[in-house]
Amino acid sequence: MSIYDEERQLLEAFISNDRLAIEKIYRENFPSIKAFIIKNSGYHDDAKDIFQEAMIVLFEKAQLESFVLTCQIKTYLFSVCRRLWLKRLHREGRFNYVSETLTETVAVEDEIEDHEKRSADMGLMEKALAKIGEPCKSILEAFYIQKKSMPEIAEQFEYTNADNAKTQKYKCLMRLKKIFFSQYNNGE
Amino acid sequence: MEDNLLLDAIERYRNGEMTPQEKTFFEELRKNNPDIDQLVAEHNFFLGELEKMSEIKMLVHNMNEVESKLVNEGVISASDRNNKAKLVFLWNRYRRTIAVAASIAGIVSLSTATIVSSYSEKKKVEVITPLVNNKLNQFEVKLNQIETKLNDAATVPVIVAEKPKFKADFSATGFLVDGKGYLITNAHVVDNAKNIVVENRKGEQFYAKAVYVNKVTDLAILKVIDSSFRKIQGLPYTFSKAAAELGEHIFTLGYPREEVVYGEGYLSAKSGFYGDTSSYQISISANPGNSGGPVVNKNGEIIGIISSKETNADGVVFAIKSKNIYDALRDVKEDDTIKLPVNNTLKGIDRVQQIKKLEDYVYIVKGN
């Protein structure tokens, strides 16, 4: 098995949210990225933020059907982290000289732009969820995120039966959609 | 309810839970109804967003677990230490801030010095407020106005009081030290007063004069000179000579308004304003009018007299230590000696009873 096949497998496991795959990538990549960020006036927590964001970029990107892995995961993550960190330094008005190492990087600018747009959309969903209030938020999360069945939800939220819970879930869903789309269409 | 079923169908379609028959029917429906088709597209998009969000939440959750696992294993350390010397790095990072901070520090140290010196010059003038109620409660003023109007309106002349009502410019609190008619209050209360009147809880007023005023200790002793005053027996409290302890619970009665007001608190420092050892600092709510009120401990011993509070801080009140009263009594030049009460009947009874017994001996001190 070539190194690319191995990486591709790892990536597949990663996008299905496999704990072991996440751990492997984290273990192999985080220390060097942390070293880079600390060398460039960051802290451990900055490194963690940046690395996790880069992981999300990879996660989103790898899920696209059009995605083809053209370099090692290591190179990809490092490139994204470097870009994200430079952007943050710039945004905070800290034009520190970034000490460059001879690490190979790839162009990731477009990906980061896509990612920023996507995380803005995701922010809309989170905002909308926060707005619908309880118990709606918990019911919808139980169903759509934790993938619980209707009878389970009925029991958890003390509805007399699954049908009642379903009706409630439907009402909540309609409210969430209304809030979400009104924000979305307002281009918030 | 139809929408409900439709959404349900969309979700099942999306999750691939439909039978082939259902699926064909659903796709057919979609093709023939643009409205439904649009709804399906919309709902699909919405569910996609929801799913993405939930997946990423899950990913972040997993990553955080991994992170703490790796920190536990020592693979990564949560500290910021690295090969590069931390101090150098911090210096690089903050040198501009440090320069600014250093120059600000210079300015601040100059300005604090001036504040301190001006405080000490004006000590007890601006920073602490004597608790005399100069303007008498506005509420009371209103009441008096209404009363006057009512009286004016009445066709039959009403005889209001036997005595002409005393018109006060200030009011504070005082309490009996001897049933013969001696009361103690603050020197700043009666300092510039031409006439002094003391009023008990029933509203009876008696003219009084100051027989002792000491501006240093801020204590004054008043003597009732009104012939209508009858000697009062059995003062329930005693005066403590010993120093009170930090944290001791204390209470007071006073007249910040026309009605007696109870307040409780604790002893917060053994010295007063600027380390003044003749006072305590107590934490209690006090308002103009509380000046001269007794500070009583749980055994019914008077440990002090409320005198002032710090203007800039809430609940910082100063009380003159009761042992100063003994000194004051020694200095009073009177024909008959003042005898402090010796029997304490407040000890061991509950607070409500203590207050009931005490309130007859606490007076409003008014003057003009």
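1. The model is a predicted one.

2. Chain A has 188 residues, of which 27% count as buried. Among the contacts in chain A with a separation of 6 or more, 67% are between residues 24 or more positions apart.

3. Helix 6 of chain A spans residues 136–145, and its buried residues are Ile139(A), Ala142(A) and Phe143(A). These residues lie on the same side of helix 6 of chain A, because they cover an arc of only 90 degrees around the axis.

4. The backbone just after helix 6 of chain A deserves a look. There, Lys147(A) has a positive phi of about 55 degrees.

5. On the interface between the chains: 29 residues of chain B are in contact with 29 residues of chain A. On the side of chain B that touches chain A, two or more residues each come from helix 1 (2–14), helix 3 (34–73) and helix 4 (86–121) of chain B. Helix 3 of chain B gives the largest share of that side, 17 residues. By residue type, the side of chain B that touches chain A divides into 15 nonpolar, six polar and eight charged residues.

6. Chain B also contains a closed barrel of six strands in the order 2-3-6-5-4-14, with antiparallel pairing. Direction ignored, neighbouring strands of this sheet are turned by 40 degrees against each other on average.

7. Within chain B, strand 2 (residues 170–178) and strand 3 (residues 182–186) run antiparallel and are joined by three bridges. Which residue stands opposite Leu183(B) of strand 3 of chain B? That residue is Leu176(B).

8. Helix 7 of chain B, residues 323–331, lies across strand 2, strand 3, strand 5 (205–214) and strand 6 (219–224) of chain B. The helix runs at about 55 degrees to strand 6 of chain B.

Methods
Residues are numbered from 1 along each chain as its sequence is written. Chains are lettered from A and ligands numbered from 1 in the order in which they are written. This is a predicted model: local features need pLDDT of at least 70, side-chain atom pairs count only at pLDDT 80 or more; totals for chains, interfaces and linings use all residues. A residue is buried if 20 or more other C-beta atoms lie within 10 Å of its own, exposed if 12 or fewer, and partly exposed in between; C-beta atoms are placed from the backbone. Helices (H or I, at least four residues) and strands (E, at least two) are DSSP runs, numbered from the N terminus. The arc is that of the directions from the helix axis to the C-beta atoms. Two residues are in contact if their C-beta atoms, placed from the backbone, lie within 7 Å. Ala, Val, Leu, Ile, Met, Phe, Trp, Tyr, Cys and Pro count as nonpolar, Asp, Glu, Lys and Arg as charged, and the others, Gly among them, as polar. Two strands pair if DSSP finds at least two bridges between them. Axes are lines fitted to C-alpha atoms, for helices over the stretch in contact, and angles run from 0 to 180 degrees between N-to-C directions.
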